[in-house]
Amino acid sequence: MNLTENDIRRIAFETINELGAGVSADVIRENVKKKIENESSNSFNIPSSKTISGRVILTSFGLNKPGIVAAITKSLGDNNCDIMDLSQKIMGDFFTMIMIIDITASAKDLKEIQDDMHKIAEPLNIKIYLQHEDVFRFMHRI
Amino acid sequence: MNYEFTEILETIRMTEIEHFDIRTVTLGISLRDCHDRNIEVTKQKIYDKILRYGKNHVRNAQEIESQFGISIANKRVSVTPISIPFDSFNVEEYVEIAKVLDKAAEEIGIDYIAGFSALVQKGMTNGERELIKAIPLALSQTKRVCSSVNIASTKAGINMDAVNLMADAIKKTAELTKERDSIGCAKLVVFANAVEDNPFVAGAFHGVTEPEVVLNVGISGPGVVLEAIKEAGKVDLQQLAEVIKKTIFKITRAGELIGRKVAEKNGVPFGIVDISLAPTPAEGDSIADILKAMGVEDVGAPGTTAALAMLNDSVKKAGLMASSSVGGMSGAFIPVSEDMGMIRAVQAGNLTLEKLEAMTAVCSVGLDMIAIPGDTPASTIAGIIADESAIGIINDKTTAVRIIPAYGKKLGDMVDYGGLLGKAPIMEVKTISSESFVGRGGRIPAPMRSLTN
């Protein structure tokens, strides 16, 4: 993290060379700032798990009524989420459903899909939770 | 399906019903390179550094929260014990530093920043004396800054001069924050054997052997353990220990996952997961309720210490298996004000200060968030700190005293802070004097067990 003055001077010269002559001091300052920030954030060697899977577990329960599965699956389909597994049970008046879905191909991220599901859950008066698969893997598998 | 129906429902139940959450993700930031002989330059360096590393801390944690569906109750920052890099400053300058910490904390959107600290178990430098003097002023003039001072260790013994100074600092802090029930004292911890990677504020600081920046996690699941014990029903204690272990194992795994993800998102190394059972004033999120579910009628009944010892030990064993980065305190916290069950036990007269002291010998920290009458003399507070430290150094464990001599309050009154700090009934303190003993000053030598080499 500790950039020495020499480092900063080097970055400044590199930036000036890249931008060429005739740019204003402000532009150079902005660019140098950005580069320093980049340099700083790369200073730790953190192995990043870019391979994180897009598998999400959807859990839904509430009082049974027609149209729950339809509403959920329609929204998932519209968002290009792939349903990989599905298990559904009725316990008394109670509806429960657990799905494993893959959101890799979806244009939306998990947060947006969660928001969509909240919109579905409210009028149907059910609960829908979406959690990344890793939580379950860490808790229940060694 | 890869997972059983019941496994998935168990996780949902823990996170949605039983208050399982990540209690804190604490970003530790070293300030050792922020010293300058000009105080203004120093302040700017501190501010810039905290912002550089911490500016996205809250947002990153929130993203991980929604991704995994596990809530993270607190996002916090700890810094290098302030007395170490800034040893050359005086009282006024230390207060200035506290204010800049407060400002930086506000800017990055966190509720507490910890590390206005000193490590004086063996002796004090001039700077450390100044810092201790500055504590009451710093805590009364800031909102978010927390302070801790380590005054004893197994290797060094108990620095009684520092104990006396801290007792005075506690009294002074109580007085300076009297209009808010002496809330300053809730942000001030006196330690024996302090750990350097504790993520739990108020006692957190970024130890001198820690890296430039690190992310530590504290998990919390008293509610989950309570439900598991209730569900287990009438089993013998060995089986009960097994139930506790299995539960802690699962929540530790989740804690480590969340910690690593938040660290990764911040682009900083992951440090440790502290598996302490930390209660909150929320109903059902109580250590006292766990002890009662184990079988004692109320906290304070004979058997309480044994039950707590077993709970604490089971927590550690399960955590060690679940994660290779277990650190911090990792046991059971027994604060009074933050635990509804404890509050009720004190009010019913079942739990006394002396019983609590005995319990601290087997739990992870010490006398925590205990309100006592405002007219308790400093020498008595020094005596309490010395007792607690003695338990720590002889048993080679961390102990802490976070005690509130609530200004103007007496036995039967309450202090109420709201939020996570909760409320506490004023507890009875023996009025017989410790003055001649603590007044001797000097240092209680390191115990036998320090000679392990």
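Predicted model: local features only at pLDDT ≥ 70, side-chain atom pairs only at ≥ 80, totals over all residues.

Reader: How are H8(B) and H10(B) oriented to each other?
Author: Helix H8 (residues 237-266) of chain B packs against helix H10 (residues 304-322) of chain B, with the axes 7 Å apart and an angle of about 45° between them. Angles under 35 degrees would count as roughly parallel, and roughly perpendicular runs from 65 to 115. H8(B) and H10(B) are therefore oblique.

Reader: Which residues of H10(B) make the contact with H8(B)?
Author: H8(B) crosses H10(B) in a right-handed way. From H8(B), the contact draws on residues including B:Leu237, B:Ile244, B:Phe249 and B:Glu256. On the side of H10(B), the residues are B:Met310, B:Leu311, B:Ser314, B:Val315, B:Lys317, B:Ala318, B:Gly319, B:Met321 and B:Ala322.

Reader: How does H2(B) lie relative to H4(B)?
Author: The axes of helix H2 (residues 39-54) of chain B and H4(B) are 9 Å apart, at an angle of about 25°. The limit for this class is under 35 degrees, so H2(B) and H4(B) are roughly parallel.

Reader: What is the handedness of the crossing of H2(B) and H4(B)?
Author: Residues of H2(B), among them B:Ile46, B:Tyr47 and B:Ile50, meet residues of H4(B) that include B:Ile97, B:Val100 and B:Leu101. The crossing of the two helices is right-handed.

Reader: How many residues does domain 2 of chain B bring to the contact with domain 1 of chain B?
Author: Chain B is assigned two parts, domain 1 (23-192) and domain 2 (218-450). Their C-alpha centres lie 22 Å apart. Domain 1 of chain B gives 49 residues to the contact, and domain 2 of chain B gives 58 residues.

Reader: What distance separates the centres of domain 1 and domain 2 of chain A?
Author: In chain A, the assignment places domain 1 at 5-41 and domain 2 at 55-140. Taken over C-alpha atoms, the distance between the centres of these domains is 48 Å.

Reader: In which order do the helices and strands of chain A follow each other along the sequence?
Author: Chain A contains five helices and four strands. Of its 142 residues, 37% count as buried. Among contacts in chain A with a separation of 6 or more, 66% join residues 24 or more positions apart. Read along the sequence, the pattern is α-α-β-α-β-β-α-β-α.

Reader: Where in chain A do A:Arg10 and A:Glu14 lie?
Author: The side chains of these residues form a salt bridge, at 3.3 Å from N to O. A:Arg10 is partly exposed at 37% relative accessible area, and A:Glu14 is partly exposed at 35%. The pair is four residues apart, about one turn, and both residues lie in helix H1 (residues 5-19).

Reader: Are A:Lys74 and A:Asp78 buried or exposed?
Author: A salt bridge joins the side chains of A:Lys74 and A:Asp78, with N and O 2.9 Å apart. These residues are four apart in helix H3 (residues 68-78) of chain A, about one helical turn. Both A:Lys74 and A:Asp78 are exposed.

Reader: How far apart in sequence are the parts that B:Asp111 and B:Arg76 tie together?
Author: B:Asp111 forms a salt bridge with B:Arg76, with 3.1 Å between the closest N and O atoms. B:Asp111 lies in the loop between helix H4 (91-108) and strand S3 (113-119) of chain B, while B:Arg76 lies in strand S2 (residues 72-79), so the parts tied together are apart in sequence by 35 residues.

How values were computed:
Residues numbered from 1 in each chain as written. Chains lettered and ligands numbered in written order. Heavy atoms only, no water. Salt bridge = Lys/Arg side-chain N within 4 Å of Asp/Glu carboxyl O. Buried < 20%, exposed > 50% of the residue type's maximum accessible area, 1.4 Å probe, protein only. Domains from an automatic or database assignment. Axes fitted to C-alpha atoms, helices over the stretch in contact; angles between N-to-C directions. Parallel < 35°, antiparallel > 145°, perpendicular 65-115°, else oblique. Left-handed = near helix turned anticlockwise from the far one by under 90°. Contact = heavy atoms within 4.5 Å.
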